[in-house]
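Student: I would like a close look at one part of this model. Please take me through the interface between the two chains, and then show me what lies behind it.

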Amino acid sequence: MKTGNALRSLLPVLVILALIAAVPLFSPSNRFLSLAISAGTNVIALYGLSVLFGQTGILSMGHAALVGVGAYAAAILARDFGVGFWTALPVAALASAVFAMIVGIPSLRVGGHHFVIMTFAFGQLLAIVLTNGGDYTGAATGLDIAGPVTLFGADMSDLTRYYLMVVAFVTAAAVASWAIIHSSYGRTLRAIRENEKLAASLGINVGRHKIGAFVVSGVFAGISGVLLAYFLGHISPSQFSSFPSIYLALMVMIGGARLIEGPLAGGILVAFLPEVLNLDPVQSRIVYGVCLIAVIMLLPDGLIGGIVRALRVAFSGKPKQEAERDAAPSEARQ
Amino acid sequence: MKTVLKLAASAALCLGAFAHPAFAEDNIVKIGVVAAESGSFVSAGHTLPAGVGLAVKQINDAGGFKVGGKTYKLEMVKRDDRTDIATAIAATQELVRDVKVQAIFGSETHDFTLAMAKITQPAKIIHFAGNSTLAKILNPDSVKPGGEDHYLFQSEPQEFQRSGSTARGVLSLLEPLLGFKPKKSVMIVGNDATGQFLSSYYYKALKAEGQDVPDIIFYPPDTTDFSPFLTRAKSLNPDIIHFWYNGDSTLTALPQALELGAAKSYFLFGVDPGIWKEKQLSADVPVAMSCVPVCWGESSNPKAKAYFDAYFAAGAPHGVTSSVSLLYHDYVHFLVEAWQKADSFDPDKTVEALLNLHHQGVVSDDLTFNPTHQVTHATEVCAAAPGGAISCAMQQPPAEAPKS
């Protein structure tokens, strides 16, 4: 893909994020800001998951565990070493990446459904370890995380400032994800996604690249965990167990894992749908289940992929196949 | 691109529509409730707004209350946390910053309460929560003026008191029904934050009462097949199996235990005898039940009947843990009395008044907060004999925590 075209694909996300950043100008409620911050931290993890699932074709059902590693790393660093937010960020990202590698090496020896089960099991295992970790992990009660988040001397604990900071991190995650998608590394990952055997026959070290993609997604998850921990001020194992992992996978599938807008759409939709429609958790799960079935059957590229395709067909009159080619980065056009 | 811009602009406008300015009337005092009215904790969650709502109605029907020569009425603003921490935090942010409540009640989930306190305490909002696990953070340093939890109050006794009172009640009621003094107990406990915390105290309480407790068996919170845990418990030949702490899980486990004949008697924490009767449960061995803090199906507390008649008449459902509402109902009255005594809504003066008052509540005629913001009162235990007769008792809690 030419650089101009590649940049054009990033522009809508940047415009949407700029508008999202402008939301505080409308004096939104603190409830909205709070939910948006939680959604934003999820979106950062989703951008990592989109690299793994959307580009490499590997679905992790234990991704919340990687977020948890980042969150617990930040909390333990703050408690035991007095390490603040900004130092915790790279360390927690590294910790999540290392954990992803440890999980990835044995898990990626198996493929497909087995990998999904393995990541799910590792996620559960982490929750069990945290729950039974005694005072070190705070056991089932979890850990408090104290200390203000400051940036150039400004206290970022204020809800609006924290919101803007999270939007900035989401933007960075989107740009990083876009850069990966449009790099030779991204093309390699997509080659593996499309045909592992063919990729291997071309000299691509499939196993190493799959682990690499998992590690990259761990970095995103670790950063997400630090932001979440400092926002909530308290973390516990239940926040990073199987259900949150399933929700992350659900968000990325509903939004669309292959397009840069997908994680953003999925994160916002799943966070705000119960709020807008006043759904209780049971109703929400039913709606998400129906959405997931609909997306898998009707919109394989997710909601955003479907919308883009529909818009192209509606406005440019392009035939379906051509619209599909335009909607997602294609190896033929690289 | 135009379409994208239009869509994005529409989205931003829609999101902006969430904004709604705080509204306050001169003679209305708003108090917030954050509780799980849906999701996995709904059983206990719905009791919070029901208990607080009843107290608000009672106070308003009595003409309100006077502070600074002016009469005020209460308004309850409740928010469903959907048993989700992100929603609980958003609800707390909304109540504190947008609605500008004077006090917050909830949540019933320990982790959520700790995260909520990070918002309520810097904002100097009086915060009542019925989690005995708050003992982990309520200490002389944290509750002193300027301390990080100065405005946080625990409306449930310290766990060594609740566990001690419960253990004494269970053993005293089961002994005559068994016809011998029970000596060996096994605990089966849900393995989550609350379960781990509660069981550590109840274990000590049983030991302090002379029980041999060879094992604490933890089960995953969403367990439905208890047979592996019950088989293990049965192998220890216990006189009593003590089920902690989720009433719904306990009611799932009990029939399996009875079928297996796992013990000579059972104790079900957090199951009201009212539910025992409504579900027409029966057992061929004695079964003790405890309520947090007073039972509605049968009670030795003289004020309980009038309270629960009003509680259920207001529309609250009969639940396993309906009595949890009393961990909040009494404290709305207590708080109003504190405001009246302080003659001010100033949070520091309110805290001072709360610490100096002796309040006559339903749970106890003498509700007081200790210097670390925790109450003391007994916990009611009832026991169903194999024939179906139910008897109840409230044993006073120990004055001090057991040493071991």
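Tutor: Start with a definition. A salt bridge here is a side-chain nitrogen of Lys or Arg within 4 Å of a carboxyl oxygen of Asp or Glu. By that rule, three salt bridges cross the interface of chain A and chain B. Keep in mind that this is a predicted model.

One of the bridges pairs Arg82(B) with Glu275(A). Their closest N and O atoms are 3.2 Å apart. That distance is within 4 Å, so the pair qualifies. Polar contacts are counted separately: eleven residue pairs between chain A and chain B, with both residues at pLDDT 80 or more.

Which helices of chain A supply at least two residues each to the side that touches chain B? They are α1 (3–21), α2 (30–55), α10 (206–232), α12 (262–277) and α14 (302–316). The largest share, six residues, comes from α2(A). By residue type, the side of chain A that touches chain B divides into 22 nonpolar, 14 polar and five charged.

Now the overall extent. Chain A puts 41 residues in contact with 38 residues of chain B. About 3300 Å² is buried between the chains, and carbon and sulfur atoms give 67% of that area. In chain A, the residues that lose the most area to chain B are Arg31(A), Thr141(A) and Leu232(A). Together they account for 18% of what that side buries.

Next, the interior. In soluble globular proteins, nonpolar side chains tend to be buried together. The largest nonpolar core here has 113 residues. Within that core, Tyr47(A), Phe85(A), Tyr162(A) and Tyr230(A) touch the most other members. Helix α2(A) gives the most to this core, with 14 residues.

Another core lies apart from the largest one. This other core has 61 residues, including Ala205(B), Val324(B), Leu327(B) and Val351(B).

Finish in chain B with Ser265(B), which lies in strand β10 (residues 265–268). Is Ser265(B) buried or exposed? Ser265(B) is buried, because its relative accessible area is 0%. Its side chain reaches the backbone oxygen of Asp239(B) at 2.8 Å. Beyond its neighbours within four places in sequence, Ser265(B) is in contact with residues including Leu174(B), Leu178(B), Ile240(B), Val285(B) and Pro286(B).

Definitions and conventions: Residues are numbered from 1 along each chain as its sequence is written. Chains are lettered from A and ligands numbered from 1 in the order in which they are written. This is a predicted model: local features need pLDDT of at least 70, side-chain atom pairs count only at pLDDT 80 or more; totals for chains, interfaces and linings use all residues. Side-chain values use heavy atoms; hydrogens and water are left out. Contact means heavy atoms within 4.5 Å. Buried area is the accessible area (1.4 Å probe) that two parts lose on being put together, summed over both. A polar contact is a pair of N or O atoms within 3.5 Å; within protein, one must be able to donate a hydrogen and the other to accept it, and residues adjacent in sequence count only if both atoms are side-chain atoms. Helices (H or I, at least four residues) and strands (E, at least two) are DSSP runs, numbered from the N terminus. Ala, Val, Leu, Ile, Met, Phe, Trp, Tyr, Cys and Pro count as nonpolar, Asp, Glu, Lys and Arg as charged, and the others, Gly among them, as polar. A nonpolar core is a set of buried Ala, Val, Leu, Ile, Met, Phe, Trp, Tyr and Cys residues joined through side-chain atoms within 4.5 Å. Buried means under 20% relative accessible area, exposed over 50%, partly exposed in between (1.4 Å probe, protein chains only).
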